[in-house]
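Here are a few friendly notes to read alongside the model. Take them one at a time, and keep the view open while you do.

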Amino acid sequence: MGEKNHLENFSNDKRIKGGVNSTCKLCREVKNLKLSHIVPKWAYKAMKSEDNGRISGHFPSLMQIRILQDGSKNYLLCGDCEQLLGKGERYLQKLQEGSADDREFINVTNQGDYYTGIDYDLVKQFILGLALKAHYATAPPFHGIQIPIQKHISYIRKNILHENSDDSKMLIYAIRFISTNPSINVKSLVVPFCMLNEDGVYTFTILMGGWEWVLIIYENKKTFKNPFYYPSLKRGELSYIPVGNIMDHRMFTKEFKEKKPLTFKEIAKIQHKYK
C-alpha cells in the first residue's frame, strides 16, 4: 500500500477483517480504509460472463497470466471518499450500460454521436478519481500507471475535493468502440494507459465497457498540441462522442508497440521543470 517503486509484488490486496487504518489517498487523513475497486465492478461484467465468472488477465510486464475472481482492488480510500467517487462511477454505469430509461433518468439523450445533458462534473469526478486510484494501485493492470508530476496529483485531488474548481488545464474526451473482429468483445476489455511527454503533458486513458475515457492535463497552452480533432467535453454543452473500430485502436498498431517510453532521466528532468 506504499508507493509503487517500493513494492516488488504487484497484486490485489487481500480483504482484512475490519479494514486497514492508514492514510487515505484522496483526503490524506488517517482513517479506516476500504478495499477499493480501481475501476467500477460493473466494468468487469462482460469479461466475467465470458469465463464462468472469472477474470483472465495477461500481464506481459509481470510475465504472468492471472485468473482472478474479481476486478483489481487495493486499500486506497476511506469510506467517505469511496462514497464521493462512487457517485461518478454510478453515473457512468447509467450513461454507458444503461437502457433508454436509465439515460432518461439522468437527463441524457443522444442523436447519433451527439449527446445532450451529460453531467460534466460527474464525468470529471469519475475520470479524475480513477486516475488517482490507478496512480496508487498495485493491482494489475494498474501496476504500471503513474502520475510522475506531483503538481498534477495535487491538481487532481483538489478538483475532486472541490478545493479547486479550475479545470482550465485539463481536457476530457470519450470514444465508443465497436469491433469488426468477432473474436474481440470490446465490452470485456479493461485497458488503462498513461503517458507523459517532453512538454509535461500527462495523458491517462481507460478503456472499459466498450468506451474509452481520456484525461489530458497540461501546463502550457502555448506548447500544448491537442491530439484530438474534435472538441472535448464541456460543462453544459453538446457532447460529441464518436464511434471507432477497436481494430484501429493504438494498442494494435505497430508504431505504438514499438514506441519507447521516456527514460527515468528524461522524466526526472520534466519533474524538475514542473515542480
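1. Is Gln96 buried or exposed? Gln96 is buried, because its relative accessible area is 6%, and buried means under 20%, with exposed over 50% and partly exposed in between (1.4 Å probe, protein chains only). Please keep in mind that this is a predicted model, in which local features need pLDDT of at least 70, side-chain atom pairs count only at pLDDT 80 or more, and totals for chains, interfaces and linings use all residues. Residues are numbered from 1 along each chain as its sequence is written, and side-chain values use heavy atoms, leaving out hydrogens and water.

2. You will find Gln96 in helix H2; helices (H or I, at least four residues) and strands (E, at least two) are DSSP runs, numbered from the N terminus. Leaving out residues up to four places away in sequence, Gln96 touches Trp42, Arg103, Met208, Gly209, Trp211 and Trp213, where contact means heavy atoms within 4.5 Å. The Gln96 side chain also reaches the backbone oxygen of Met208, at 3.1 Å.

3. Now step back to the whole protein chain. Its secondary structure comes to 7 helices and 13 strands. Of its 275 residues, 49% count as buried. Take the contacts between residues at least 6 apart in sequence: 71% of them join residues at least 24 apart.

4. Leu238 and Tyr114 are 124 residues apart in sequence, yet their C-alpha atoms are 6.7 Å apart in space. Apart from neighbours within four places in sequence, Leu238 is in contact with Tyr114, Tyr115 and Thr116.

5. Which residues lie nearest the centre of the second largest pocket? They are His37, Pro40, Glu82, Gly86 and Glu89, from a lining of 15 residues. Strand E2 (30–37) and helix H2 (79–97) are the elements that give two or more residues to this lining, and H2 has the largest share, with 7 residues. A pocket here is an open set of points on a 1 Å grid over the protein atoms alone, where a 1.4 Å probe fits, with protein on both sides within 12 Å along at least five of seven lines; lining residues have an atom within 4 Å of a point.

6. Finally, the lining of the second largest pocket divides into 5 nonpolar, 5 polar and 5 charged residues. Asp, Glu, Lys and Arg count as charged, Ala, Val, Leu, Ile, Met, Phe, Trp, Tyr, Cys and Pro as nonpolar, and the others, Gly among them, as polar.

Key:
A polar contact is a pair of N or O atoms within 3.5 Å; within protein, one must be able to donate a hydrogen and the other to accept it, and residues adjacent in sequence count only if both atoms are side-chain atoms.
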